[in-house]
Amino acid sequence: MKHRWFSRLWPPLAALALILILWELLVSATHISNHILPAPGAVAAALFEYRDILAVHTLQTLLEAVLGLGIAVALGVAAALVLDTSALVRRAIYPVLVTSQTVPMIALAPLLLIWLGFDLRPKVIIVVLYCFFPVAIAMARGLADVDPEQINLFRSMGASYRQTLKMLKIPAALPAFFSGLKIAVTYSMTAAIVGEYVGAYTGLGIFIQTSANAHAVPLVFAAIIITSAVSLALFGLVGLAERLVVPWHHSR
Amino acid sequence: MHPAKLSITGLSKTFREPGRRHQVLRSLNMTVAEGEFVSIIGPSGSGKSTLLHLVAGVDEPTAGAIAIDGRANGNRLGASGYVMQKPLLLPWKTVRENVMLGPVLQGRPLTEAGREADELLKKFGLSQVAGQYPRVLSGGMAGRVALLRTMLFNKNFLLLDEPFGALDALTRRIMQLWLLEVWGEFHSTVLCVTHDIREAILLSDKIYVLGGQPATITREVVIDLPRPRTREHLNRPHILRLERTLEDALLKEEQL
């Protein structure tokens, strides 16, 4: 077990280490200023020095991301269930959903700020807008892909719509749901940062913006690294949940 | 004579697709008596599965009547136990939970359903796989579990749609004898669709041959063999002749 984890983890870790070493060497060899491209060591120092402030901003962004993701999952699953009720509903709503996804979210952010102010809500809404679509589409696909013969079997046993949904379609759609959730979760932190960029008191987005304005480049890098790390951790949690919830799929 | 479990009169089915009408079944008549084992043989694509769908109530006929226990054109869903071509076991449930599906859908208490499932699994030698998940089962095992799941839902009237179609020849024969054992135990009425003539002869009291485009019953054969049946029965001269006749009939259909 331990051995398998190690054999899966070492190649990406080695690649990462190699990149960091090359980066450090490049910066020291070319004498690039820390205000243009900081070396990994300088970024690490900044991370450590500003850890208290970064923690506050990270927690704020994480809160927005998780709240938005939660709402997006609820709405996405609900939308998928509505899409699944009939072919007519599907034909009516699906194009609307796809079109909604072509709206540039970043243009909506200032509008939401005007409408709702500087508090949590505009950021959460941006996260919902980013994360809703992958969840809804993946879940709808999962529900639509249930073997029609399996549905006929349930019908032949006198199963009601609710029973078929609960005991067949939803469990069968879970693997697809998780693949959608994995995409959504990687969007969530970035989406929260987009929301914060146009106006916020706390959050990694506003931290990145103020740091960049002050030419504190190592701090920008520090915030980027935190964003990636938190996103990866969220992704890992979803993967773990998938293993627990759909073991029959994962062990294949 | 036993009363008819199933009687079908003047049954037709036409599928309407955009710009196309496709008639599959044409004024088909047949009866299955209580406790009888009846097989339907026919070339592939002759509407055998469509016929079972109609009897099970998952689809409605274009014309004609289907009466189960004398009740014509009522709600047939749940009136029969349908075993489809694929085992269609739920991969997230254990064998025992899969077998319990029928009673659970009927809203019966879980403990009762569990007890009945355990009894059935034990009786037919599947207790050792009760706690396992379907993905570890062989094709033959999955087929047995699917049959027991249906038996626990409705052992009175079974519809079998090439239940052993996906299995290798040897496993098929073993499963056929196993099915005879199960059938003998519960005195079920069975309507079985197959394209295997020997299988039909071994299992059935009566065989209907489906043929034509759109398909209807072209021949009705009563199998004159004692029960319990064994494979040796298949070597009797009149049975070998019958097998040959049915094979010729199907070959002629395939060429049409």
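## Helix 5 of chain B

In this predicted model, helix 5 of chain B covers residues 139-153, 15 residues in number. From first C-alpha to last it reaches 21 Å, close to the 21 Å expected at 1.5 Å a residue.

Helix 5 of chain B is mostly covered, with 12 of its 15 residues buried. The buried residues are B:Ala142, B:Gly143, B:Arg144, B:Val145, B:Ala146, B:Leu147, B:Leu148, B:Arg149, B:Thr150, B:Met151, B:Leu152 and B:Phe153. Two arginines, B:Arg144 and B:Arg149, are among them.

## What helix 5 packs against

The buried residues of helix 5 of chain B pack against both helices and strands of chain B. The helical partners are helix 2 (95-99), helix 3 (101-105), helix 4 (110-123) and helix 6 (169-186). The strand partners are strand 6 (81-83) and strand 7 (157-161).

Strand 7 of chain B runs parallel to strand 8 (residues 189-194) of chain B, and 5 bridges join the two. Across this pair, B:Leu160 stands opposite B:Cys192 in strand 8 of chain B.

## Chain B as a whole

Chain B has 8 helices and 10 strands. Its radius of gyration is 18 Å, close to the 18 Å that the globule rule gives for 256 residues, so chain B is as compact as a globular protein of that length. The C-alpha trace of chain B spans about 50 × 45 × 40 Å along its principal axes.

Of the 256 residues in chain B, 41% are buried. Among contacts in chain B between residues at least 6 apart in sequence, 71% join residues at least 24 apart.

## Contact with chain A

Between the two chains, 14 residues of chain A are in contact with 17 residues of chain B. On the side of chain A that touches chain B, the elements giving two or more residues are helix 7 (148-156) and helix 8 (161-197) of chain A. Helix 7 of chain A gives the most, with 6 residues. The residues on this side of chain A divide into 5 nonpolar, 5 polar and 4 charged.

Technical notes:
Residues are numbered from 1 along each chain as its sequence is written. Chains are lettered from A and ligands numbered from 1 in the order in which they are written. This is a predicted model: local features need pLDDT of at least 70, side-chain atom pairs count only at pLDDT 80 or more; totals for chains, interfaces and linings use all residues. Helices (H or I, at least four residues) and strands (E, at least two) are DSSP runs, numbered from the N terminus. The expected span of a helix is 1.5 Å times one less than its number of residues. A residue is buried if 20 or more other C-beta atoms lie within 10 Å of its own, exposed if 12 or fewer, and partly exposed in between; C-beta atoms are placed from the backbone. Two residues are in contact if their C-beta atoms, placed from the backbone, lie within 7 Å. The radius of gyration is taken over C-alpha atoms; the globule rule is 2.2 Å times the number of residues to the power 0.38. Ala, Val, Leu, Ile, Met, Phe, Trp, Tyr, Cys and Pro count as nonpolar, Asp, Glu, Lys and Arg as charged, and the others, Gly among them, as polar. Two strands pair if DSSP finds at least two bridges between them.
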